[in-house]
Amino acid sequence: MREDVESLDIRDVTANWVNAVVLQAQIDDRIKALADLAHTPLFFGRLTYLHAPGASLAEGAEGEQFYIGRRHVHDAGGDPMVIDWRAPVSQPFYRASRTDPQDIALRRRFGYTGGELTAYEDEHLLDPAEASAVSKLLQQEIERPRVGPMRDIVATIQPEQDEIVRSGLGGSVCVQGGPGTGKTAVGLHRVAYLLYAHRDRLARTGTLVIGPNRSFLHYIEQVLPALGELEVKQATVDDLVARPGGPEVRAADQAETAVVKGDARMAEVLRRAVRSHVTLPTEPLMVVRGSRRWRVPAYELAEIVEELQNRDIRYGAARDALPQRIAHTVLVRMEQAGEAPDDRVQDAVARNPAVKAAVKQMWPPVDPAKLVLRLLAEPEFLAEHAEGILTEDEQKLLLWPKPFRSVKAAKWSPADLVLIDEATDLVERTHSLGHVVLDEAQDLSPMQYRAVGRRCTTGSATVLGDLAQGTTPWATRSWAEALGHLGKPEAVLEELTAGFRVPREVIAYASRLLPRISPGLAPVSSVREAPGSLEVRAVAGSAQELTAAVVAACRDALAHEGSIGLIAADARIAGLGEALVAAGLPYLGPGEETTAASRLTLVPASLAKGLEYDYVVLDEPGAIVAGEPDERTGLRRLYVCLTRAVSGLTALHAGPLPDALT
């Protein structure tokens, strides 16, 4: 298929050089999409239908056999050899069961080792004599050692996951899923499915995946290309609100300040501040055209301004409309005087210096960054627009101790850029995409949700998260509240409770924290039993002895196959890094790709979310809790760290463990 595309000659089929460039770019993209992936088989399953799909059962049409794979594959004659996993005919591979066979006589799974076919496994869904059993190939694929970036789960998607993946583009979906339930993979595969089912529409409107940090995005960036989707953009919320040549983050807020800046009430403060620039006229407007003068009284100008204000359209759009409204009023007077002006005259009046001066006075331009600068630097300006919304104490938290004189000199925080983004949208509408996937959504502030929601006002969203893993002071309290801020209150809430990644013993240990961190949330029920996968060991002695024990545990873990993650409180990272180097154990940082030769990653607890390792060594759980501003946030951070392991977790501590774990 790739050679066929490479051999295309477009010299005689393009009308001009522009068409040739566009067509060649499309051909180049197609060649990239058809690239061979090392150790990735073309197919992983086969379905044998009782009857031809789409045929009436009464017709007695003979069944057909289909191979299922990551990509559609056809032979030299164009006949399909492998069916794309996203095609309707492939759906029973994920959904069919003994109670609902969906006209499938046989489902076959193929097992591979290093890209070589090594096993297969059959399920005769209509044979009552065949006992139901957990697929060993399925379990082996889930437990396969993780080296390198995150891989797709297309061969192991479960029925409840497939329902979410194949839900329509028209509606938004929110997925609550505990550790190891596959919510991130479900979100990415949903993007791949939507691009397959609605390619033309999403090619026009765009698709975006939003993650919590760059390390996370680097970890997941190969999933969609492996499924043949190369054009999906990835970003963090900070990336979204940063503008080329605009303010840059140069500072960090205290937690209590960031909470106020991220509060949804700030949207109303900003709206008031933007609208405060509008002033009603006190003098009439005189427009001179040739030898005639046309007078528009102040009260008529005020009516035009008030009408635009009442429409509540964007500030910039209203400002653009104002000169045309004034010009229309002048044209009415011209017509009443017997003239016959046309649209060209109206445009000329709208550009008249007197009209432009009046517009500038009544509806002056607003620079969003300068507006936020004033709110954070001028107590009187903030008090005027925050009255009845923020308390005096909250206003004091917002104000800079030492005001900055200019946008360029200001030391902006991430939360400040979100405020500027909100103000920018009040002035000029933000471009909307066709679909947005928001992962680790539980950590966003209301204002960050609004920033994301602005990117999909006319599109849909897939929201992924776990309330128990919220580790910011402003973490989401309920999905209903979060979806309201996002502008998608009608989104369908789905819950994944079956765990496929974390061993049962490990998730049960971590779930002891749930009553303290997220009361009422259902614990994950792991399908994987791995006796001996959990070891919690007390180390007697000093911090140096604990460090030595941690290094020894890392060395032991490296005797196993797969990736190793050493997770510790941020304050302990530097010391542990030095100890690993001294012991001759090279290590990577979060976001760096593991290889067969370099499998150990040193991970600060603050960056562990969303990552996974075959074996995890956890350093001093109590220090992870103590490193956060409050106990609840600390316990949530610990919950995240405890649930990063796929095959085994070793937790070492010299100090006391949190009460909930004892």
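These are my notebook entries on what I looked up in this predicted model.

**Ground rules**

I number residues from 1 along each chain as its sequence is written, and I use heavy atoms for side-chain values, leaving out hydrogens and water. Since the model is predicted, local features need pLDDT of at least 70 and side-chain atom pairs count only at pLDDT 80 or more, while totals for chains, interfaces and linings use all residues.

**Entry 1: the overall picture**

The C-alpha atoms fill a box of roughly 95 × 75 × 45 Å along the principal axes.

Next I checked burial: 52% of the 662 residues count as buried. Buried means under 20% relative accessible area, exposed means over 50%, and partly exposed is in between (1.4 Å probe, protein chains only). I also looked up contacts, meaning heavy atoms within 4.5 Å. Among contacts between residues at least 6 apart in sequence, 73% join residues at least 24 apart.

**Entry 2: the cores**

Which residues have the most contacts inside the largest nonpolar core? I found Trp85 and Trp412, in a core of 160 residues. There is a second, separate core of 20 residues, and Val551, Leu566, Leu600 and Leu602 are among them. A nonpolar core here is a set of buried Ala, Val, Leu, Ile, Met, Phe, Trp, Tyr and Cys residues joined through side-chain atoms within 4.5 Å.

**Entry 3: salt bridges**

How many salt bridges does a search of the whole structure find? The search gives 37. To count, a side-chain nitrogen of Lys or Arg must be within 4 Å of a carboxyl oxygen of Asp or Glu. I picked out a few.

- Arg86 pairs with Asp84, with the closest N and O atoms 2.9 Å apart. Arg86 is buried at 3% relative accessible area, and Asp84 is buried at 5%.
- Arg98 pairs with Glu130, with the closest N and O atoms 2.8 Å apart. Arg98 sits in the loop between α3 (92–95) and β5 (104–113) and Glu130 in the loop between β6 (116–123) and α4 (136–143), so this pair ties together parts 32 residues apart in sequence. Arg98 is partly exposed at 29%, and Glu130 is partly exposed at 23%.
- Arg454 pairs with Asp421, with the closest N and O atoms 2.7 Å apart. Arg454 is in the loop between α21 (446–453) and β13 (460–465) and Asp421 is in helix α20 (residues 414–427), so parts 33 residues apart in sequence are tied together. Both Arg454 and Asp421 are buried.

I then followed that last pair further. Arg243, Asp421, Glu422, Arg450, Arg454 and Arg455 are linked in a network of salt bridges.

**Entry 4: positive phi**

- Gln102 has a phi of about 55° although it is not a glycine. Gln102 lies in the loop between α3 and β5 and is partly exposed at 27% relative accessibility.
- Glu440 has a positive phi near 50°. Is Glu440 buried or exposed? Glu440 is buried, at 3% relative accessibility, and its place is the loop between β12 (435–438) and α21.

Conventions
Helices (H or I, at least four residues) and strands (E, at least two) are DSSP runs, numbered from the N terminus.
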